[in-house]
Amino acid sequence: GINAITAPRSPLTGGNAEIRVILQNQGASPLTSVTINWTVNASLQDEYQWNGSLGIGQNVELSIGSFDFQQGEVYSLKVWTSAPNGSQDCNTLNDTALIEDLSSPLCGLYTIGGANPDFTSLAEAASVLNRAGIACPVTFSIREGTYAEQIVLKAISGSSGQNTITFRSETG
């Protein structure tokens, strides 16, 4: 099974990032082959075929591919194994690792609310800011609507006198 996802981690740097995992032999005999499957935001990626020799209880870190992570997006990464030693797995409950809420620092102009927004709510924008920080000045244009919510902004990584965060009405 996949014991852990070691890379990437939040905050993402944006762009192409290597996907690294710890494969663990959780079976009762040496592991010689396994298929490693993975999704990003529930979108299936190319499977990785591993062949080698992994003793009972042993681990190996593997690079199973890469993905182009975009700034301002929130990602979920799921990795699991199938077909150990070319056969059906008798215990699929210990095969999967999941990281949710991966995000990269924000940079630039984003919209909140309305049709096709970058963020559907102030709370969603604040959540990404608090987790991922910023890499340059960020402006949120808030579209017309009623926003009955409270947000909490913590110490935002990357913010400074030059890298500011602005919330403003889209209509000015």
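This is a predicted model: local features need pLDDT of at least 70, side-chain atom pairs count only at pLDDT 80 or more; totals for chains, interfaces and linings use all residues.
Residues are numbered from 1 along each chain as its sequence is written, and side-chain values use heavy atoms, with hydrogens and water left out.

E18 forms a salt bridge with R20, with 3.2 Å between the closest N and O atoms. The term stands for a side-chain nitrogen of Lys or Arg within 4 Å of a carboxyl oxygen of Asp or Glu. R20 is also partly exposed, at 22% relative accessibility.

## The link to E61

R20 also meets the side chain of E61 in a salt bridge, at 3.3 Å from N to O. R20 belongs to strand β2 (residues 15–24) and E61 to strand β6 (residues 59–69), so this pair ties together parts that are 41 residues apart in sequence. Strands (E, at least two residues) and helices (H or I, at least four) are DSSP runs numbered from the N terminus. E61 is partly exposed, with 38% relative accessibility.

The search of the whole structure finds three salt bridges.

## R143 and E170

Another salt bridge joins the side chains of R143 and E170, at 3.2 Å from N to O. R143 sits in the loop between β10 (134–142) and β11 (165–169), and E170 in the segment after β11, so the pair ties together parts that are 27 residues apart in sequence.

R143 counts as buried, at 18% relative accessibility, whereas E170 is partly exposed at 40%.

## The disulfide

A disulfide is a covalent bond between the sulfur atoms of two cysteines. Here the term is applied to a pair of cysteine sulfur atoms within 2.5 Å, and the count by this rule is one.

The bond joins C107 to C136, with an S to S distance of 1.9 Å. The torsion about the S-S bond of C107 and C136 is about 110°, so the disulfide is right-handed. C107 lies in strand β9 (residues 106–112) and C136 in strand β10, and the pair links distant parts of the chain, 29 residues apart. C107 is partly exposed at 28% relative accessible area, while C136 is buried at 17% relative accessibility.

Conventions. Buried means under 20% relative accessible area, exposed over 50%, partly exposed in between (1.4 Å probe, protein chains only).
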